Amino acid sequence: MTADLEPDARVVAGVDGSPSAAAAAEWAATEARLRNLPLRLVWAHEVTAPGYGVGALPEGAVEQDSVREWVEQSLAELVRQCRAAHPELDVHGDFVPGDPLDVLVEHSKGADLLVLGAAGRSAATGIRLGSIASSVVRGVACPVVVLRAPADPEQGPVVVGVDGSETSAAALDFAFDFAARHHRRIVAVHTWSDLPLDAFGPVRAWDFDPKIMHQEGQELLAQWLLPLRRERPDIPVEEVVTTEKPADALLERGKDAALIVVGSHGRGAFRRLLLGSVSHAVVHYAHGPVAVVRAPKS
């Protein structure tokens, strides 16, 4: 079940037979339908050892003629499930022998969105999507959504981190677009507690007035939200300015979120206010879906 890569817009889901990958396929199917885009389920598989045998296969696959046959049957079942849930959806599955990271990066080129499960099959199976999810997030240009369990995009708010960078601006655009499509409210979070005060040399920590810092944070957040509020006045927006650590602030408010949206990196070591390595922490610890968004041409 293979197909040539298509240059047109699409949603791509990386699958590997794990429960989290099945959840990713289900979530991606809903999103592809609402975006009116085709869905491609990509199963990348690499067998690196000559002694790879049936002992590593999941239960029920022992009697299959080959790993490939089991993979193709499992992939066909995922496609069937997506089509049953969304009869109008254009969905196909691609089995691609090769390194999962390389395959997913290649298939994400030109895609609108890549969706992954956060935890894949055991590394012993040779199907190691889960172990490379963080590498895929760093290696692709399109937005990436990572899930570790089934999630309902119609429940909870969309939580988005805002730090005043071009990357967080792209995250805001993505968040508002998703919220409009799923009729969700926005929780926009800005935190200034992670400001590296030592970067300012002789300026002392006690020279910073918390009230002023909080006010400046509110002004920054309002400034970045203003054009999106004007464009989508029907979307309720809650503004949060806090001194919490960035990842803690997002994870706390994203416990029951339909989606947490973060930029792939923030304002850099000198002016980092929210993101950067925070995106990695949120992807790692969030219970629900997390979207990692890059700035255009970043």
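This is a predicted model: local features need pLDDT of at least 70, side-chain atom pairs count only at pLDDT 80 or more; totals for chains, interfaces and linings use all residues.
Trainee: How many aromatic pairs does the count come to?

Mentor: The count comes to 2 aromatic pairs.

Trainee: Why is the pair of Trp27 and Phe178 called stacked?

Mentor: Two rings pair if their centres lie within 6.5 Å, and planes under 30 degrees apart count as stacked. The centres of Trp27 and Phe178 are 5.9 Å apart and the planes stand at 5°, so this pair is stacked.

Trainee: Which parts of the chain does that pair link?

Mentor: Trp27 sits in helix α1 (residues 19-35) and Phe178 in helix α5 (residues 166-182), 151 residues apart.

Trainee: Are Trp27 and Phe178 buried or exposed?

Mentor: The limit for buried is under 20% relative accessible area. Trp27 has 3% and therefore counts as buried; Phe178 has 0% and is buried too.

Trainee: What makes the pair of Trp43 and Trp70 edge-to-face?

Mentor: The angle of the planes decides that: over 60 degrees is edge-to-face. For Trp43 and Trp70 the planes are at 85° and the centres 5.6 Å apart, so the pair is edge-to-face. Here, too, distant parts of the chain are linked, with Trp43 in strand β2 (residues 39-45) and Trp70 in helix α2 (residues 67-85), 27 residues apart.

Trainee: Why does Trp70 count as buried?

Mentor: Because its relative accessible area is 10%, and the limit is under 20%.

Trainee: How do you know that the span of α5 agrees with what it should be?

Mentor: At 1.5 Å a residue, the 17 residues of α5 should span 24 Å. The end C-alpha atoms of α5 are 24 Å apart, so the two values agree.

Trainee: Why is α5 called largely enclosed by the rest of the structure?

Mentor: Because 13 of its 17 residues are buried. Just after α5 comes His183, with a positive phi of about 60°.

Trainee: What makes β2 mostly covered?

Mentor: Of the 7 residues in β2, 7 are buried. Leu39, Leu41, Trp43 and His45 point one way, Arg40, Val42 and Ala44 point the other way, and all are buried.

Trainee: Which strands pair with β2?

Mentor: Strand β1 (residues 11-14) runs parallel to β2 and is joined to it by 4 bridges. Gly14 stands opposite Val42 in β2. The chain goes from β1 through α1 to β2, and that β-α-β crossover is right-handed. Strand β3 (residues 91-97) also pairs with β2 in the parallel sense, over 7 bridges. There, His92 in β3 is the bridge partner of Arg40.

Trainee: How many salt bridges does a search of the whole structure find?

Mentor: The search finds 11 salt bridges. One of them joins the side chains of Arg181 and Glu31 at 2.5 Å, N to O. Arg181 is in helix α5 and Glu31 in helix α1, so the pair ties together parts 150 residues apart in sequence. Both Arg181 and Glu31 are buried.

Trainee: Where do Asp177 and Arg232 lie?

Mentor: Asp177 is in helix α5, and Arg232 is in the loop between α6 (210-231) and β8 (237-242), 55 residues apart. Their side chains meet in a salt bridge at 3.7 Å, N to O. Asp177, at 29%, is partly exposed, and Arg232, at 21%, counts as partly exposed as well.

Trainee: Which residues are linked in a network of salt bridges?

Mentor: The network links Glu31, Arg35, Asp177, Arg181 and Arg232.

Definitions and conventions: Residues are numbered from 1 along each chain as its sequence is written. Side-chain values use heavy atoms; hydrogens and water are left out. Rings of Phe, Tyr and Trp (its six-membered ring) pair if their centres lie within 6.5 Å; planes under 30 degrees apart count as stacked, over 60 as edge-to-face and the rest as tilted. Helices (H or I, at least four residues) and strands (E, at least two) are DSSP runs, numbered from the N terminus. Buried means under 20% relative accessible area, exposed over 50%, partly exposed in between (1.4 Å probe, protein chains only). The expected span of a helix is 1.5 Å times one less than its number of residues. Two strands pair if DSSP finds at least two bridges between them. A crossover is right-handed if, with the strands pointing away from the viewer, the path from the first strand over the helix to the second runs clockwise. A salt bridge is a side-chain nitrogen of Lys or Arg within 4 Å of a carboxyl oxygen of Asp or Glu.
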